[in-house]
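Me: Can you walk me through this one? I'll jump around a bit.
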Amino acid sequence: MKHLFLCISLLAAYCLQAQKTNQCGFIIPPRSLSSNFQSVYEAGAYVNRMLDSINWKENFNLQEQEGINNAYATIIRNQRYIVYDNDFLENLDSYAHTKWASLSVMAHEMGHHYRNHVVDGTGSTPAKELEADYFSGYVMAKMGASLDEARAAMQSIASEQASATHPAKTNRLNAITKGWNYAYGKGGQENTGNTGTAPQPQQNPPPGSNDASWIYLSLYGNSDMTVYLSDDNKTFSPVDLKTTQPFVFKFEIYNYGWMRFSNNANAKRYQLLHGKDYAIIWSRRSNTWVVTPVP
């Protein structure tokens with residue numbers, strides 16, 4: 001079955017050897033003897049670290065597929081996936097001379113899911129790729145990468161020229177830079193100099209969260225709280241809310257989802273809509289927590 005997918009396009013000219021590219025336009029790096037992604041379990045550990053670094057819970061799956069020399073985001077049988085070839089990723093690290101190259105590619109594919117690029121089934125566009133590049137730069141900063149490390153893969157093997165589906169190298173590097181800077185509270189301005197060791201990023205909302213369709217769930221109280229969220233009103237996942245910052249998210253299946261205060265099937269459920277923000281407030285009249293839309 002053929003699936004539409006989105007991927008990062010990395011092009012470069014090799015010296016003294018024939019140029020080989022995959023179906024996404026990646027140049028296939030020379031074979032390396034080292035590896036960061038030896039199995040789907042190891043890749044999953046890296047991805048989980050990235051998710052934790054931005055306080056984001058996602059429901060995509062990872063699938064290793066040998067021999068494709070690629071990494072891409074897609075939907076298979078109504079489920080989200082990132083499909084990757086571990087040989088391709090480890091070879092990329094060797095070619096770019098840093099482990100951050102493969103991590104930035106995985107972050108880029110996460111960005112396609114984060115921004116719901118795969119849902120419309122239309123494949124790659126320059127705008128989608130730049131949004132995913134921005135997200136990659138943001139996540140790499142949160143992971144502790146320097147700007148040079150965040151840009152390493154694109155700097156090494158990106159195409160100088162734009163195509164109908166992918167932007168030019170300069171634009172992609174600028175998008176990564178802006179995402180990286182945004183994580184440090186720099187407003188997304190460009191900064192292409194050598195940054196050395198990255199400082200600790202500031203805690204800012206995720207890129208794209210200013211979109212009106214995102215939900216801000218804010219807790220007003222004296223202590224933090226755990227609530228439970230669900231896309232389908234069946235399976236609920238715990239979310240830790242802090243009184244000092246909102247939890248920013250979208251539901252995946254519909255433009256609404258469900259919340260309850262305990263993981264009890266009989267607990268009261270609150271429907272939360274995209275495009276609305278909500279506050280959790282203690283009511284002295286009912287002596288209970290209430291959920292109310294924020295005007």
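Me: Which residue lies over the face of Phe 236?
Reply: Arg 260 does, at 3.7 Å from the ring centre. Keep in mind that this is a predicted model.

Me: What is the bridge partner of Tyr 228 in S9?
Reply: Arg 260 again: Tyr 228 has Arg 260 as its bridge partner in S9. Strand S9 covers residues 256–260 and runs antiparallel to S6, with 3 bridges joining the two.

Me: Which strand do 4 bridges join to S9?
Reply: Strand S10, residues 270–273. S9 and S10 run antiparallel. Gly 257 has Leu 272 as its bridge partner in S10.

Me: Where else does a charged end sit over a ring?
Reply: At Trp 100. The charged end of Lys 99 sits over that ring, 5.2 Å from its centre.

Me: On to ring pairs. How many aromatic pairs are there?
Reply: The count comes to 13 aromatic pairs. One of them is Trp 56 with Phe 60. Their ring centres are 6.3 Å apart and the planes are at 55 degrees, so the pair is tilted.

Me: Are those two buried or exposed?
Reply: Trp 56 has 9% relative accessibility, so it counts as buried. Phe 60 has 11% relative accessibility, so it counts as buried too.

Me: And what about Tyr 134 and Tyr 182, how do those rings sit?
Reply: Their centres are 6.3 Å apart and their planes are at 45 degrees, so this pair is tilted. Tyr 134 lies in helix H4 (residues 126–143) and Tyr 182 in helix H7 (residues 169–183), so the pair ties together parts that are 48 residues apart in sequence.

Me: Is Tyr 134 buried or partly exposed? And Tyr 182, buried or exposed?
Reply: Tyr 134 is partly exposed, with a relative accessible area of 22%. Tyr 182 is buried, at 18%. The cut-off for buried is under 20%.

Me: Which residues do ring pairs link into a cluster?
Reply: Trp 56, Phe 60, Tyr 114, Phe 135 and Trp 214.

Me: What lines the second largest cavity?
Reply: Trp 56, His 113, Tyr 114, Asn 116, Trp 214, Lys 250 and Glu 252. By class, that lining divides into 3 nonpolar, 2 polar and 2 charged residues. Trp 56, Tyr 114 and Trp 214 also belong to the aromatic cluster.

Me: Where is Asn 116 found?
Reply: In the loop between helix H3 (100–114) and H4. Asn 116 has a phi near 60 degrees, a positive value in a residue other than glycine. Its relative accessibility is 23%, so Asn 116 counts as partly exposed.

Me: Which loop is Asn 78 in, and what is its phi?
Reply: Asn 78 is found in the loop between S3 and S4. Phi of Asn 78 is near 65 degrees, a positive value. At 78% relative accessibility, Asn 78 counts as exposed.

Me: What do S3 and S4 form?
Reply: A hairpin, with 2 residues between the strands. Arg 77 in the turn has a positive phi of about 50 degrees. The strands pair in the antiparallel sense over 6 bridges, and S4 covers residues 79–84. Thr 74 stands opposite Tyr 81 in S4.

Me: How many residues of S3 are buried?
Reply: 5 of the 6 in strand S3 (residues 71–76), so this strand is largely enclosed by the rest of the structure.

Me: Last topic, the largest pocket. How much space lies in it?
Reply: About 430 Å³. The lining has 20 residues, of which Lys 57, Asn 59, Leu 229, Asp 231 and Ser 237 lie nearest the centre of the pocket.

Me: Which elements give two or more residues to that lining?
Reply: Strand S6 (225–230), strand S7 (237–241) and strand S8 (247–249). S8 gives the largest share, 3 residues.

Me: And how does the lining of the largest pocket split by class?
Reply: It has 9 nonpolar, 5 polar and 6 charged residues.

Methods. Residues numbered from 1 in each chain as written. Predicted model: local features only at pLDDT ≥ 70, side-chain atom pairs only at ≥ 80, totals over all residues. Heavy atoms only, no water. 1 Å grid on protein atoms, 1.4 Å probe; cavity = no way out; pocket = protein on both sides within 12 Å on 5 of 7 lines; lining within 4 Å. Nonpolar A, V, L, I, M, F, W, Y, C, P; charged D, E, K, R; others polar. Buried < 20%, exposed > 50% of the residue type's maximum accessible area, 1.4 Å probe, protein only. Pairing = 2+ DSSP bridges. Points joined across faces, edges and corners; volume = space filled by probe spheres on them. Phe/Tyr/Trp six-rings, centres within 6.5 Å; stacked < 30°, edge-to-face > 60°. Lys NZ or Arg CZ within 6 Å of the ring centre and 35° of its normal.
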